[in-house]
Amino acid sequence: QYIKEASLRQILKPIPQSPKHHAEGDVFVHTRMVRSRLPLAIDFVQKEKLKPDSIFSNLDVNLNPSQIRILKLAAWFHDIGKASANKIDKDTGKITSHGHETPKHYLPMMDQLSGSLKEFFNALTPDEKDILFFVIDNHMSLQKGSGFPRKLYEIIFDQDGKIKNDNKAKLLVVFII
């Protein structure tokens with residue numbers, strides 16, 4: 001499904017990112033890159049599932065239309081909160097966006113959307129929105145070298161250390177890959 005992203009472009013294009021972490025440039029360019037790589041993330045999980053003792057072995061990786069919609073919107077919206085959270089240190093020029101993944105920052109920005117992207121979001125059921133917000137809220141939770149925080153670990157993994165075939169767990173893991 002083709003989505004016109006003009007209102008998202010207006011919100012994100014002027015927002016710079018740290019060149020250290022995002023050499024691609026502004027938040028809109030990054031967002032489009034994330035959205036374009038979703039099929040690669042899905043393909044990766046589908047291939048990893050087939051490996052012996054894979055942490056993905058419990059997952060049904062044949063995503064239904066609802067799951068695809070949620071992943072697409074997570075890609076479009078995961079960094080929308082940077083529009084209100086971005087700070088540039090006047091002395092060093094360092095760019096930060098602490099807390100951009102919290103509803104306090106992303107919900108007001110999502111309210112500014114219009115057009116087909118807003119319609120696509122408004123068509124979600126309350127359960128789909130709950131999952132979308134879970135993915136956005138937690139897309140920064142996997143820290144390099146330290147894994148998931150305990151509160152998420154228990155939501156994502158079963159007692160055998162495999163990813164649960166639960167919509168929240170599955171879609172977060174696919175998204176952050």
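Asp53 is found in the loop between α3 and α4, where helices (H or I, at least four residues) and strands (E, at least two) are DSSP runs numbered from the N terminus. The model is predicted, so that local features need pLDDT of at least 70 and side-chain atom pairs count only at pLDDT 80 or more, while totals for chains, interfaces and linings use all residues. Residues are numbered from 1 along each chain as its sequence is written, and side-chain values use heavy atoms, with hydrogens and water left out.

Asp53 has a positive phi of about 60° although it is not a glycine. Most residues other than glycine have a negative phi. The relative accessible area of Asp53 is 73%, and the residue is therefore exposed (buried means under 20% relative accessible area, exposed over 50%, and partly exposed in between, with a 1.4 Å probe and protein chains only). Ser57 is also found in the loop between α3 and α4 and, at 30% relative accessibility, counts as partly exposed. Leaving aside neighbours within four places in sequence, Ser57 is in contact with Lys49 and Lys162, contact meaning heavy atoms within 4.5 Å. Ser57 and Phe133 are separated by 76 residues in sequence and by 25 Å in space, C-alpha to C-alpha.

The protein chain comprises 10 helices and two strands, in the order α-α-α-α-α-β-β-α-α-α-α-α from the N terminus on. Its radius of gyration is 17 Å, close to the 16 Å that the globule rule gives for 177 residues, so the chain is as compact as a globular protein of that length. The radius is taken over C-alpha atoms, and the rule is 2.2 Å times the number of residues to the power 0.38. Along the principal axes, the C-alpha atoms fill a box of roughly 50 × 35 × 25 Å. Of the 177 residues, 45% count as buried. Among contacts between residues at least 6 apart in sequence, 61% join residues at least 24 apart.

The largest nonpolar core has 46 residues, and those with the most contacts inside it are Phe77, Ile80, Leu132 and Ile156. Such a core is a set of buried Ala, Val, Leu, Ile, Met, Phe, Trp, Tyr and Cys residues joined through side-chain atoms within 4.5 Å. Helix α4 (residues 65–77) gives the most to this core, contributing seven residues. Beyond its neighbours within four places in sequence, Ile80 is in contact with Leu8, Ile11, Leu12, Tyr106, Met109, Met110 and Leu113. Met109 is placed in helix α6 (residues 103–111) and counts as buried at 10% relative accessibility. With neighbours within four places in sequence again set aside, the contacts of Met109 are Ile11, Ile80, Gly81, Ala83 and Ser84. Met109 and Ser57, 52 residues apart in sequence, lie 37 Å apart in space, C-alpha to C-alpha.

Asn86, in the loop between α5 (82–85) and β1 (87–88), counts as buried at 16% relative accessibility. On the same exclusion, Ser97 touches Lys82, Ala85 and Asn86. The C-alpha atoms of Ser97 and Gly81, 16 residues apart in sequence, are 8.2 Å apart in space.

About 1,200 Å³ of space lies in the largest pocket. Of the 34 residues that line this pocket, the closest to its centre are His21, His22, His30, Lys82 and Met140. Grid points are joined across faces, edges and corners, and a volume is the space filled by probe spheres set on the points. At least two lining residues are supplied by each of α2 (27–36), α3 (38–49), β2 (95–96) and α10 (167–176). By class, the lining has 13 nonpolar, 13 polar and eight charged residues; Ala, Val, Leu, Ile, Met, Phe, Trp, Tyr, Cys and Pro count as nonpolar, Asp, Glu, Lys and Arg as charged, and the others, Gly among them, as polar.

How values were computed: On a 1 Å grid over the protein atoms alone, a cavity is a set of points where a 1.4 Å probe fits but cannot get out, and a pocket is an open set with protein on both sides within 12 Å along at least five of seven lines; lining residues have an atom within 4 Å of a point.
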